[in-house]
Amino acid sequence: MRNLQILLGLLSILSFTSCSDDDNYEAIPSDAYPNVTATFGSNLNLSNLYNYANQTVPSYITKDNSAGNIIDNKIATLGRVLFYDKNLSSNNTIACASCHKQALAFGDNSVASTGVNGTTGRHSMRLVNSRFATETRFFWNERAATLEQQTTMPIKDHGEMGFSGLNGDMSFDDLLIKLGAINYYKELFQFAYGSQEITEAKIQKALAQFVRSIQSFDSKYDLGRATAPNDGAPFSNFTPQENQGKNLFLAPPTFNTTGSRTGGGLGCAGCHRAPEFDIDPASKNNGIIGTISGTGIDIGNTKAPSLRNLIRTDGVLNGQMMHTGVITTLQAAIGHYGTINIAPGNTNLDPRLMPNGFGQQLNLTQTEVDAVIAFLKTLSGTDVYTNPKWSNPFPN
């Protein structure tokens, strides 16, 4: 009976809708968009759109950075096509989805992702639940003020997608001309915006809406949170180990005068805030200041993706962690925070990691490590990996 109550509670807050929603149906003559039909076939049905705009969000999820660009089904549909289209790269080999794969919660399992002219300087960040955060800046080093700005910066990067206008590259204006000559974009921009005109602002708006639509709230954690009064209460569907891990994650630690933990939890939630598990915008770096190239230090990485879907429910990690991809297991990730060494030159270490001026020593037991790992695994859902609304619309 208790499990039934939990299931009913979750169903009351979640709705994974498909293209059968009546609200998304619009009678369109079969020959209105012939080039879209010829290119995408049944993968893109403009008469019966997927639900991007009105997906149900649990009531306990309150952080949202989509102000000013509210999701519209037509525009997000265009964003889906742009996200998967290799025409957005200078040599037609790389799309946004090349580095942000649905099968990996829209992350990558290569340390450095491949671009048109080499590889990326940082590991590609998972995009799932990007909307559900108060942080409005994007990239590891927060160099994009908004998600809208972020969406076209890889396209303009010489190494990534190659429309930089530098080093012999074509410019972004050349991309606009290129897309304007593609018949399915003439139809899709008309469909989404009422005009065939293609601009950077329209591309940014559509890509940002699609990325913000990618959400995951069907995890074991959500099943428990749906019937719990708050995050701190025991979740009735959790094992004792998972509840212990949750408590350790949420509770702040107690330190002595030299930064050694003497009690309390691990303080993870100080930066990775439940229930969204987004990064606190005030966070500084986490002590990992290396570079993928191995040369120099990089102390400006202060953003991190949501901790949701770090790992799939089958136990496979969704790619490496940290901006260098140097962490490859959950145990290693927890171990990093267990012993913080203040490296020479790191003037941007988060003060929460150096209590009383010392790198924190959490003095973790294996039991605690195992409990936190068990809890982190509860943050993974399944729908995000297979839902066709976020899948590649181009035929194989």
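This section describes the overall fold, the aromatic contacts and selected local features of a predicted model.

The chain contains 12 helices and six strands. Its radius of gyration is 22 Å, close to the 21 Å that the globule rule gives for 396 residues, so the chain is as compact as a globular protein of that length. The C-alpha trace spans about 70 × 60 × 35 Å along its principal axes. Of the 396 residues, 54% are buried. Among contacts with a separation of 6 or more, 66% join residues 24 or more positions apart. The accessible surface amounts to about 16,400 Å². Carbon and sulfur atoms supply 53% of that surface. Charged side chains number 29 positive and 33 negative. The centres of these two sets lie 4 Å apart.

Aromatic contacts were examined next. A search of the whole structure returns 20 aromatic pairs. One of them joins Tyr33 and Phe191. The ring centres are 5.6 Å apart and the planes meet at 80°, so the pair is edge-to-face, the cut-off for that class being over 60 degrees. Tyr33 sits in the loop between helix H1 (2-13) and helix H2 (34-40), and Phe191 in helix H7 (residues 183-193), so the pair ties together parts that are 158 residues apart in sequence. Both partners fall under the 20% limit for burial. Tyr33 has a relative accessible area of 19%, and Phe191 has one of 5%.

Pro29 counts as exposed, at 53% relative accessibility. Pro29 and Met161 are 132 residues apart in sequence, and their C-alpha atoms are 36 Å apart in space.

Val384 and Gln215 are separated by 169 residues in sequence, yet 6.8 Å separates their C-alpha atoms. Leaving aside residues up to four places away in sequence, Val384 touches Gln102, Phe106, Val128, Ile214, Gln215, Ser216, Asn309 and Trp390.

Helix H10 (residues 240-250) has a buried set made up of Glu242, Asn243, Gly245, Lys246, Leu248 and Phe249. An α-helix has 3.6 residues a turn, so residues three or four places apart point the same way. The buried residues of H10 pack against helix H9 (220-225) and helix H12 (366-377). They also pack against strand S4 (261-264) and strand S5 (272-273).

Backbone geometry was then considered. Most residues other than glycine have a negative phi, and most peptide bonds are trans. The peptide bond from Ala274 to Pro275 is cis, with omega near 0°. Pro275 belongs to the loop between S5 and strand S6 (278-279). Phe277 is placed in the loop between S5 and S6. Although not a glycine, Phe277 has a positive phi of about 60°. Phe277 is buried, with a relative accessible area of 0%. Asn92, also not a glycine, has a positive phi of about 60°. Asn92 is located in the loop between helix H3 (73-84) and helix H4 (96-99). Its relative accessible area is 41%, so Asn92 is partly exposed.

Definitions and conventions:
Residues are numbered from 1 along each chain as its sequence is written. Side-chain values use heavy atoms; hydrogens and water are left out. Helices (H or I, at least four residues) and strands (E, at least two) are DSSP runs, numbered from the N terminus. The radius of gyration is taken over C-alpha atoms; the globule rule is 2.2 Å times the number of residues to the power 0.38. Buried means under 20% relative accessible area, exposed over 50%, partly exposed in between (1.4 Å probe, protein chains only). Contact means heavy atoms within 4.5 Å. Accessible areas come from the Shrake-Rupley method with a 1.4 Å probe; for residues, only the protein chains shown count as cover. Lys and Arg count as positive and Asp and Glu as negative; His and the chain ends are not counted. The place of a charge is taken as NZ of Lys, CZ of Arg, CG of Asp or CD of Glu. Rings of Phe, Tyr and Trp (its six-membered ring) pair if their centres lie within 6.5 Å; planes under 30 degrees apart count as stacked, over 60 as edge-to-face and the rest as tilted.
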